[in-house]
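Here is a set of questions and answers for a reader new to this structure. Each answer sets a value against the rule that gives it its name.

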There are 2 protein chains.
Amino acid sequence: MRYFEDFEVGEVSECGPHVVTREEILAFAKQFDPQPFHVDDEAARQSIFGGIIASGWHTAAICHRLVVEGLLGKAASMGSPGVDELRWLKPVRPGDALSVRVELLEKQPSRSKADRGSFKFRFQVSNQKGEVVMTEIANALFARRPPA
Amino acid sequence: MRYFEDFEVGEVSECGPHVVTREEILAFAKQFDPQPFHVDDEAARQSIFGGIIASGWHTAAICHRLVVEGLLGKAASMGSPGVDELRWLKPVRPGDALSVRVELLEKQPSRSKADRGSFKFRFQVSNQKGEVVMTEIANALFARRPPA
């Protein structure tokens, strides 16, 4: 288990890949983002995207899953107060393989609570062609190592 | 169908409510955010949250669904370049009823593309007690009304 103390500013993790299927894209979009370019082949073909694309919220959720598997699941994560500068830069299409590059930008012990500290990460999601499809700045709370 | 021209800065829409079930919370978390405080009752009880809470990405996805139903689905939405200042302010728990207040903060015709313009919205998600659980600034592209 990695605690707040065990992370160094500048460290980089690579998470993934995950191949996004057409079925996943449609299932997510029907539940959370039923706009025509996410759920309707013909409407999507005629849209500015030229075919079905994943909801941006689906891409963000997949990114989070990959970071939980690759980083947060092995660390003393206490949740997140929020995200800044979430950017959807390129469409995600059926069959795309997404990977996440995580860089720790800043760490700061809590001033009011001795048991935790906060991190600021940059997440960068790329597809199989190396194109960056999404970026975000993620804030996260981590537990400090308990006294021995 | 509402186009870019049909929206006025300052206009407010109310979307929802949607009652978040325990089953939904677990299903989303198992797929996208399998951290103990989202999927494991006992671990969640012992966490700082005191019980199972929804993934913040689940809350964001539900917010988006409510805005698609209440606003975007009846308008010439062309997708979103991104979101700023996404903040998870309070936990969302099983049985919570979420509603979204949408305020149009800014609108701007595109300088390079005559067929569209951009909006900046503030989304504010509240629960049944009136507590604000999530906020975000959402950027969106909308089509301009086609020439008659």
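Q: What is the strand order of the open sheet of 10 strands in this predicted model?
A: The order is 1(A)-3(A)-4(A)-5(A)-2(A)-2(B)-5(B)-4(B)-3(B)-1(B), with antiparallel pairing.

Q: Why is one side of strand 1 of chain A left without a neighbour in the sheet?
A: Strand 1 (12-19) of chain A stands at an edge with a single partner strand, so one of its sides has no neighbour in the sheet. From one strand to the next, the twist averages 20°.

Q: What makes strand 2 of chain A and strand 2 of chain B a pair?
A: Pairing needs at least two bridges between the strands. Four bridges join strand 2 of chain A to strand 2 (residues 82-88) of chain B, so they pair, and they run antiparallel. Arg87(A), for one, stands opposite Gly82(B).

Q: How many bridges pair strand 4 of chain B with strand 5 of chain B?
A: Strand 4 (residues 116-126) and strand 5 (residues 132-143) of chain B pair over 11 bridges in the antiparallel sense. In strand 5 of chain B, Ala140(B) is the bridge partner of Phe119(B).

Q: What does helix 4 of chain A lie across?
A: Helix 4 of chain A lies across strand 1, strand 2, strand 3 (97-109), strand 4 (116-126) and strand 5 (132-143) of chain A. This helix runs at about 125° to strand 1 of chain A. In chain B, helix 4 (residues 56-70) likewise runs at about 125° to strand 1 of chain B.

Q: How many residues of chain A are in contact with chain B, and which elements give two or more of them?
A: Contact here means C-beta atoms within 7 Å. On that basis, 26 residues of chain A are in contact with 26 residues of chain B. Helix 4 (56-70) and strand 2 (82-88) of chain A each give two or more residues to this side. By class, the side has 14 nonpolar, seven polar and five charged residues.

Q: How do you know that the copies meet through the same surface?
A: Of the interface residues of chain A, 100% are also interface residues in chain B, so the surface is the same in both copies.

Conventions: Residues are numbered from 1 along each chain as its sequence is written. Chains are lettered from A and ligands numbered from 1 in the order in which they are written. This is a predicted model: local features need pLDDT of at least 70, side-chain atom pairs count only at pLDDT 80 or more; totals for chains, interfaces and linings use all residues. Ala, Val, Leu, Ile, Met, Phe, Trp, Tyr, Cys and Pro count as nonpolar, Asp, Glu, Lys and Arg as charged, and the others, Gly among them, as polar. Axes are lines fitted to C-alpha atoms, for helices over the stretch in contact, and angles run from 0 to 180 degrees between N-to-C directions.
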